[in-house]
Amino acid sequence: VKFRNNNVKNRAITWSSNDESVVSVDTNGLVTAHALGGVQITATSSSGHTAYCYIDVVIMPTSISLGVESVQLFTSRSCEIDIILEPFNCTETFIQWTSSNPRVASASGTTIYAGFDSTGIATLTATTVNGLTASVEVKVDEYVFVQSINILIDGVQTSSKNVVIPYGESSTALQLEEYIYPVNASIKDVTWSSFFDATRLYKPE
């Protein structure tokens, strides 16, 4: 405690806590934490003047790690990653992210974001409230959209969309393949499906 009037002769102070089960304080102002939570510590002078402060009892992280060491994204895309803090019951879980190249990639919470129009590599660093750090390398490539898709029949591209399979013959199977343009499209996942059209059934007279 600091007195504003240096001429004060009686400098006796009475210390108190509004919750001794969380934080106790002795006659010399030494505080001891007993449980998680927040308390108000009050100093009262012999003349009845008071001053107070607030104390929060928390569990700080002792280590931080990320679920991956590197990530590859396309421009304008994002992904989620795991942030592992120890001990598991730490209360101070806020993470501050920084990027070596914010135009390429940035992060917030558990989400990594690729830039809209910049490609390259950026190192993202997660920092805890007490200064522990962990990093992930993010490589961002340009997203190339699919412009067209055609079907190859037994390896041959055809303009016809009608395929006839002679039923009952020794070979009744055809190999269908997809041809995607451009060939460097970023995502080439294709889902195949079959549709039964009764109006197209062959009906002999």
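Val58, Met60, Phe94 and Val129 together make a nonpolar surface patch of about 350 Å². Patches here are made of residues with over 30% relative accessible area and no salt bridge, with like charges joined within 9 Å and nonpolar side chains (Val, Leu, Ile, Met, Phe, Trp, Tyr) joined within 5 Å. Accessible areas come from the Shrake-Rupley method with a 1.4 Å probe, and for residues only the protein chains shown count as cover.

Before going on, please keep in mind that this is a predicted model: local features need pLDDT of at least 70, side-chain atom pairs count only at pLDDT 80 or more, and totals for chains, interfaces and linings use all residues. Residues are numbered from 1 along each chain as its sequence is written, and side-chain values use heavy atoms, with hydrogens and water left out.

Strands (E, at least two residues) and helices (H or I, at least four) are DSSP runs numbered from the N terminus. With a relative accessible area of 41%, Val129 is partly exposed; buried means under 20%, exposed over 50%, and partly exposed in between (1.4 Å probe, protein chains only).

Now for the interior. In soluble globular proteins, nonpolar side chains tend to be buried together. A nonpolar core is a set of buried Ala, Val, Leu, Ile, Met, Phe, Trp, Tyr and Cys residues joined through side-chain atoms within 4.5 Å. The largest such core in this model has 21 residues, and Trp97, Ile112, Leu124, Val136 and Val138 have the most contacts inside it. At least two residues of this core come from each of strands S6 (63-66), S7 (70-74), S10 (95-99), S11 (105-108), S12 (111-114), S13 and S14. S14 gives the most, with four residues. Setting aside neighbours within four places in sequence, Val138 is in contact (heavy atoms within 4.5 Å) with Val71, Leu73, Ala105, Ile112, Gly120, Ile121, Ala122 and Leu124. A second, separate core has six residues, including Val22, Val25, Val39 and Val57.

The structure also holds two salt bridges, each being a side-chain nitrogen of Lys or Arg within 4 Å of a carboxyl oxygen of Asp or Glu.

| Salt bridge | Closest N and O atoms |
|---|---|
| Arg103 and Asp117 | 3.8 Å |
| Asp141 and Lys139 | 2.7 Å |

Arg103 lies in the loop between S10 and S11 and Asp117 in the loop between S12 and S13, so this pair ties together parts that are 14 residues apart in sequence. Arg103 is exposed at 57% relative accessible area, and Asp117 is exposed at 61%.

Ser17, in strand S1 (residues 13-17), is buried at 14% relative accessibility. A polar atom of its side chain lies 3.2 Å from the backbone nitrogen of Asp19, and one lies 2.7 Å from the backbone oxygen of Val23. Beyond neighbours within four places in sequence, Ser17 is in contact with Val23, Val25, Val39, Gln40 and Ile41.

Ser24 is found in strand S2 (residues 23-25) and is buried, with a relative accessible area of 18%. The side chains of Ser24 and His34 are joined by a polar contact of 2.7 Å. A polar contact is a pair of N or O atoms within 3.5 Å; within protein, one must be able to donate a hydrogen and the other to accept it, and residues adjacent in sequence count only if both atoms are side-chain atoms.
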